[in-house]
Amino acid sequence: MENKLTIVENRDCIEAMKEFPDGYFELAIVDPPYGIGLDMVTKVNSNARNKKNNGTVVKHKEKDWNNAIPDTEYFTELYRVSKHQIIWGCNYYGSQIKSCGRIVHNKLMTIKGTAFKWSEADIASCSIFNRIVMFDYQWQGNKQGGTINWTNTGPDARIHPTQKPIALYKYCLGFAKPGDKILDTHLGSGSSRIAAYEMGFDFWGYELDTEYFAAQEERFQRHIKQGQLFMPQQQYGQQISLLDNQAQ
């Protein structure tokens, strides 16, 4: 396994992108704010569910990051520094989206036959191809994939209200080529970082929110330490984490 470079910073992604030359990244996989205000999600909210989770109601901290979509400057820099883009939430960005390929994340959001009130799928634009492809991955309870897990455990335990599963990013990275440099402008829970690390891609990620940045760093370090139980130490490559950089 080749060395893997993972560089993450707690800073504004637009300012970070300005430091790179044109076309530096072969692929950007990004999940910017949708501007729909869903910045606090109740994970467990019924009496029956509370009993299964020891009576605890778990909520994400209320924040305002999802109240507006990125401006034109963000998309200008994104298209400048990356040769190809996979942009989640493309249906919210109007004319800012240039490519016509689509990846549909079918979340199969049902529990005991009752559909959730939230979207049952997410859509990403993809500049690599012009067709529509489907990725099926079940999201149940507090665990993304598998059976309902009221204790919110496992590799995809939620630390972010709009967290996407690691498996989805691995699917997206399947369209990249060996040696490609990967960019994520909105790191969030760090699922993209874990996927890139496990698949051997050099990765750059940016997250403005200090609390989310610290949470994804803890998740990443915990994830790779668990991996060390099953893999030789020398298989792990270079890790660069700029947790002390708190520039906004």
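**Close-up views of a predicted chain**

**Figure 1. Overview of the chain.** Of the contacts in the chain with a separation of 6 or more, 71% join residues 24 or more positions apart, a contact being heavy atoms within 4.5 Å. This is a predicted model, in which local features need pLDDT of at least 70 and side-chain atom pairs count only at pLDDT 80 or more, while totals for chains, interfaces and linings use all residues. Residues are numbered from 1 along each chain as its sequence is written, and side-chain values use heavy atoms, with hydrogens and water left out. The chain contains 6 helices and 13 strands, taken as DSSP runs numbered from the N terminus (helices H or I, at least four residues; strands E, at least two). Of its 248 residues, 50% are buried; buried means under 20% relative accessible area, exposed over 50%, and partly exposed in between (1.4 Å probe, protein chains only).

**Figure 2. Surroundings of Ser-192.** Ser-192 belongs to helix α5, which covers residues 191–199. Ser-192 counts as buried because its relative accessibility is 5%. When neighbours within four places in sequence are set aside, the contacts of Ser-192 are Tyr-169, Asp-184, Leu-187 and Phe-203.

Figure 3. Side chains of opposite charge can pair when their charged atoms come close. A salt bridge here is a side-chain nitrogen of Lys or Arg within 4 Å of a carboxyl oxygen of Asp or Glu, and the count by this rule is 14. Arg-11 pairs with Glu-19 at 2.9 Å, N to O. Arg-11 is buried, at 14% relative accessibility, whereas Glu-19 is exposed, at 54%. A network of salt bridges links Glu-9, Arg-11 and Glu-19. Lys-18 and Glu-15 also meet in a salt bridge, at 3.5 Å from N to O. Lys-18 is partly exposed, with a relative accessible area of 41%, and Glu-15 is partly exposed, with a value of 41%.

**Figure 4. The salt bridge between Lys-83 and Glu-26.** The closest N and O atoms of Lys-83 and Glu-26 are 3.9 Å apart in this salt bridge. Lys-83 lies in strand β3 (residues 82–88) and Glu-26 in strand β2 (residues 25–30), so the pair ties together parts that are 57 residues apart in sequence. Lys-83 is exposed, with a relative accessible area of 51%, while Glu-26 counts as buried at 17%.
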